[in-house]
Amino acid sequence: MLNRFRLEFPSRAENVSLARVTVAALASQLDPTIEELDDIKGAVSEAVTNGIIHGFGASPEGTIVVEAVLYGDAIEIYVEDGGKGIKDVPKAMEPEFSSDPERLGLGFSFMQSFMDSVQVDSAPGRGTRVIMRKQFAPRH
Amino acid sequence: MLDLETVGEVLVAKLRGELDLKTAGELRQGLDRALDGFTVRHLVLDLENVSFMDSTGLGVVLGRYKRLAGAGGKLVVLGLQPPVRRVLDLSGVLRIVPEFNTLKQAVEALRRGEASA
């Protein structure tokens, strides 16, 4: 492990950008490509938005915790909410499944496209934890 | 984050900044108010100054596409930055929303009824 941080913030919409920019700043320490940074920002944005919208029903009263751990050639990102949880995780991860008609249901699908692995631990009433990993392309 | 201009029956919306949960609601309202208020049929989204878009921002784009399509109008885009293009491409939106290089080309194609993806 090279470096890490843990960030805790209220489930407010403006904190989606706070989270993605902070994780991208940590990832920047490995000199990634612009595309790799864009992927990380996109994935964090989706995970944190899911926590706010689905975990806490868009209420700003919840708490989201983002942890990121930098290894020599990879980053692991944990996004955790203590919200209402997901009953059927495989179904929630299907593309275009959405519990809200105003939303697209592409969040998990984007996370999977942007990252090398995405794991979701959740249970009703116990919140949701998304664990994502991205391996950086060798640079030298 | 939003500048609006009409050219005949085309509404041109220039967006700025990052389209996510924080900005999507305001953008949706701004665009819908403009579409309600003018007798426009088509919408050009100029995304040149949009540096980031996630699925929430994409929902605003797709929602306006559906609204216009329901009324016989078209939505077209221009000025896609790489992260925005990636999201529009991954979601399949670029298969239904035509992309143009310049505003002039977009407006002319819409006026001639020749804008297709």
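1. Two residues are taken to be in contact if their C-beta atoms, placed from the backbone, lie within 7 Å. On that criterion, and bearing in mind that this is a predicted model, 18 residues of chain A are in contact with 16 residues of chain B.

2. On the side of chain A that touches chain B, at least two residues each come from α1 (14–27), α2 (34–55) and α4 (107–114) of chain A, and α2(A) gives the most, with seven residues.

3. Because 19 of its 22 residues are buried, α2(A) is largely enclosed by the rest of the structure. Just after α2(A), A:Gly57 adopts a positive phi of about 55°.

4. Chain A also has an open sheet of five strands, in the order β1-β2-β3-β5-β4, with antiparallel pairing. At the edges stand β1 (3–10) and β4 (117–122) of chain A, each with a single partner strand, so one side of each is left without a neighbour in the sheet. Neighbouring strands of this sheet are turned against each other by 10° on average, direction ignored.

5. Within the sheet, strands β2 (residues 63–70) and β3 (residues 74–81) of chain A run antiparallel and are joined by seven bridges; A:Ile64, for instance, has A:Asp81 as its bridge partner in β3(A).

Notes. Residues are numbered from 1 along each chain as its sequence is written. Chains are lettered from A and ligands numbered from 1 in the order in which they are written. This is a predicted model: local features need pLDDT of at least 70, side-chain atom pairs count only at pLDDT 80 or more; totals for chains, interfaces and linings use all residues. Helices (H or I, at least four residues) and strands (E, at least two) are DSSP runs, numbered from the N terminus. A residue is buried if 20 or more other C-beta atoms lie within 10 Å of its own, exposed if 12 or fewer, and partly exposed in between; C-beta atoms are placed from the backbone. Two strands pair if DSSP finds at least two bridges between them. Axes are lines fitted to C-alpha atoms, for helices over the stretch in contact, and angles run from 0 to 180 degrees between N-to-C directions.
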